[in-house]
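Hi there,

Here is the structure I promised to pass on. Please have it open while you read, and my notes on what was found follow below.

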Amino acid sequence: MNDFQSLTETELHELNLNLQTKYEAFKSQNLKLDMSRGKPCVEQLDLSRGMLDSVKAEDSFKSEDGADTRNYGGLDGIPEAKKLFAEMLEVSAKEIIIGGSSSLTMMHDTLSRAMLHGVKGSEKPWSKLPVVKFLCPSPGYDRHFAICELFNMEMILIDMKHDGPDMDQIERLVAADNSIKGIWCVPKYSNPEGVTYSDEVVDRLAKMSCGAADFTIIWDDAYCVHHLTDTPDPLKNILEACKAAGHPNRVLMFSSTSKISFAGAGVAMLAASEDNITFIKKQLSVQTIGPDKINQLRHVRFYKDLAGLNTHMVKQAAIIKPKFDTVLRILDSELSGKKIATWSKPNGGYFISLNTLEGCAAAVVKMAAEAGVTLTNAGATYPYGKDPQDRNIRIAPTFPTVAEMEKAIEILCLCVQIISVRKFLKVN
């Protein structure tokens, strides 16, 4: 079919009738298909079942330094866990803290402590300042934005480009405004667009002049090993770039195994300069006597080393790549050439980003829900839940089966076409 903009009004009305008939047929099936969140599927979780047997009663519960993982202590993690995950994040074992099960919790607590005490280099707690602003590359991760909203931080929308956030916009803002205290970054296979930051973007973030001496990059490297191809996207080491630029304390890196092993029962981590690690450990020593070290031991014994972890991720990719391929195949067959939508084709991560015509995303999501397909709320990928152009929809392919995914994306594409036709016809 030709692009919708070339159709006459009569052709658009005929098309609308045909599409609506197909939609009503789907609606009558009373479907319940959920693509609202990026959750691992059962098959992915099953890959790690052996981990539950990796620390048995007859085994030693001691870590390699002789500490009993069943007892208190080990504020920053057991040595073997620090070694494994430091290698994953390309830092030294002295530059990492192994925490509990959630990197989101670690990020929340980091900003909470910043509000109460400031970060290293702060003159005063952020809560004592008239206003605290945070840069939010968008579309982005809704839970990042929720943390800012919770702490009453003013969020500034930064446009995402093909190689990362708009650095011209960022450099101009941070140089002129010392109330801008940080930026959220999902640097590899970003949520939801699947963008990996270029070397230039990494270097400019590290080097840029900031009005705030304590400007902090929150580097959420959630998908650093979540590849979908045999040729993973390369990502330059931000910590090394910051050191080279003379700003070693500018970045705080986070990651976890929540989508590698068990969601909610993985291992989270924070990496930073040694000075930052010392500063943060002093604060943590008041908050906790230590994380779950038995869980850390389970992970290390199950994966053994980074090669073992990477082998595990190849198995994960074999499960979820067919789902991504299904989504992309149907988007291409149903929407290509019609000039009513564009979408990302990520090399890794957990999401596909779909952009409709301006002003259509919320209506598409609502219509899909009425046919039994639950999507992330339109606007959720922007600060305050408001997409200025009302066009972005986040697709989460991992949790449903391939068969469920096929039906869900067919319905989604149908809704995109119907709402687009209505826009051209100027009808609700």
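Let me begin with strand β3, which is covered on both faces: Lys133, Leu135 and Pro137 on one side, and Phe134, Cys136 and Ser138 on the other, are all buried. Buried here means under 20% relative accessible area, with over 50% called exposed and anything in between partly exposed (1.4 Å probe, protein chains only). Strands are DSSP runs of E with at least two residues, helices are runs of H or I with at least four, and both are numbered from the N terminus.

A word on the source: this is a predicted model, in which local features need pLDDT of at least 70 and side-chain atom pairs count only at pLDDT 80 or more, while totals for chains, interfaces and linings use all residues. Residues are numbered from 1 along each chain as its sequence is written, and side-chain values use heavy atoms, with hydrogens and water left out.

Back to β3, residues 133-138. Its partner is strand β4 (residues 154-161), and the two pair in the parallel sense over six bridges; pairing requires that DSSP finds at least two bridges between the strands. One detail to look up is Ser138, whose bridge partner in β4 is Asp159.

Helix α5 (residues 142-150) has Asp142, His144, Phe145, Ile147 and Cys148 as its buried residues. These pack against several elements, including β3, β4 and α4, where contact means heavy atoms within 4.5 Å. Just after α5, Asn152 takes a positive phi of about 60 degrees.

Strand β8 (residues 251-256) has six of its six residues buried, so it is largely enclosed by the rest of the structure. Val251, Met253 and Ser255 point one way, and Leu252, Phe254 and Ser256 the other. In a regular strand the side chains alternate between the two faces of the sheet. β8 runs parallel to β7, joined to it by four bridges, and Val251 is the bridge partner of Ile217.

Finally, a helix pair. Helix α12 (residues 361-370) packs on helix α13 (residues 402-425) at an angle of about 130 degrees, with the axes 9 Å apart. The two are therefore oblique to each other (angles under 35 degrees count as roughly parallel, over 145 as roughly antiparallel, 65 to 115 as roughly perpendicular and the rest as oblique). Axes are lines fitted to C-alpha atoms, for helices over the stretch in contact, and angles run from 0 to 180 degrees between N-to-C directions. In the contact, Ala363, Val364, Met367 and Ala368 of α12 meet residues of α13, among them Leu412 and Arg422.

Best wishes
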